[in-house]
Amino acid sequence: DDLAANCWRATVIRPEMVEICRRALTQAAEKAEHHKAVKMLQAIRVTFANQIKKATLFKITATETLDSPPFDPNFITGAWQNTEETRKFLLSKGETPKEKTSVKLLYDKHHLYIGVKCADRSPDTLNFATAGLPRDHWSMGEKFELFLTGQQFDTYQIAFDPVGNLFDARNQKISWNGNYKLQTSVTFDGWSAMLTISFKELGYESKPEKMSIMFLRYNSHKGQKRETSFWHGSRPHNPAGFGDIDFETP
C-alpha cells in the first residue's frame, strides 16, 4: 500500500494531474456503451478516488527564527513556542502507536533546526545502546530516523538514539558523514533531540524554495517487540512519499 501511495503522489498528485485524470475517466464513462465497459470504468473511478484520498500530500511548517534556538527538551521556550508541531505518527497498518512522537521545525538564513520529542511512559526500560558507538553502527534499539531531500535529487538519511549514537548516509552510501550538530537528552517522560544542519550541507546555497522530509520512530523496550511508527503512515523508500516543508515567512 505504501508503494502504491508513493506512486500516486509522484505520478498524479505532485504533477497536478488529478483533475485531468478525473475528467478523462468521466468522459470515458460517458462514452461507454457495453455493460462490461460501464462496470469496469465504475470500478476504475472508485479505485482512483480511493487512491487519491490515501495519497494526499502532507506537510510540516518551519517557522523563521532570527537567533539560533535553545535546546529545550520540551520545545516550549524561545522560538520553539511559536511554531507548530506534527504528531501524526502511525504504525504500518494505520494504527496509533503506544507512545507519542512530536516534531517541530525552525529555520534561519543558513540552517534548519529539527526538534524531536519522543514521549515514553517507561523511559527506564527503553532499550538503546551505550554512548560512544562508532559512527554508522546501526543499533536495533530505540532511535529516531529522518530523511531530507537535497540538491541534485540527493536523499540524506540521519538516525540517532537517546545518547547521540549516529548513523547517516547520502543516497544510501554511508561514506557520507554529514557536518551537523546533534543534541540529545533523556528525560523523565522519554527523550528529546535537536538537530541543527545547514542548507549548504544539503547542497543548497541558501534556504530552498521547496524541500521534503520524512520521519520514523523506533520505540524499543527491553523484553518487548519493537514498534515502528511512520509520519502520516508513509514510508521512506521513495522521496515521493515524503512530506513537504512549508517555510513560513513573517
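**Figure 1. Strand β6, covered on both faces in the predicted model.** In this predicted model, one side of β6 carries K143, E145, F147 and T149 and the other carries F144, L146 and L148, and the residues on both sides are all buried. Because 7 of the 7 residues of β6 are buried, the strand is largely enclosed by the rest of the structure.

**Figure 2. The strands that pair with β6.** Strand β11 (residues 212-219) runs antiparallel to β6 and is joined to it by 6 bridges, with L216 of β11 as the bridge partner of E145. Strand β7 (residues 155-160) is likewise antiparallel to β6 and joined to it by 6 bridges, and here L146 has I158 of β7 as its bridge partner. The hairpin formed by β6 and β7 has 5 residues between the strands, and within this hairpin Q152 takes a positive phi near 60 degrees.

Figure 3. S229 belongs to strand β12 (residues 227-231) and counts as buried, because its relative accessibility is 3%, where buried means under 20%. Leaving aside residues up to four places away in sequence, S229 touches F89, L90, L91, P97, F215, L216 and R217. Among these contacts, F89 and F215 are also members of one aromatic cluster, which F58, F144, F160, W191 and W231 complete.

Figure 4. Across the whole structure, a search finds 16 aromatic pairs. W138 is partly exposed, with a relative accessible area of 30%, while F167, at 13% relative accessibility, counts as buried. A further pair, W176 and Y180, is tilted, with 6.3 Å centre to centre and 40 degrees between the planes; both W176 and Y180 are buried.

**Figure 5. Charged side chains over aromatic rings.** K143, one of the buried residues of β6, places its charged end over the ring of Y218, at 4.7 Å from the ring centre.

Definitions and conventions:
Residues numbered from 1 in each chain as written. Predicted model: local features only at pLDDT ≥ 70, side-chain atom pairs only at ≥ 80, totals over all residues. Heavy atoms only, no water. Phe/Tyr/Trp six-rings, centres within 6.5 Å; stacked < 30°, edge-to-face > 60°. Buried < 20%, exposed > 50% of the residue type's maximum accessible area, 1.4 Å probe, protein only. Lys NZ or Arg CZ within 6 Å of the ring centre and 35° of its normal. Helix = DSSP H or I, 4+ residues; strand = E, 2+ residues; numbered from the N terminus. Contact = heavy atoms within 4.5 Å. Pairing = 2+ DSSP bridges.
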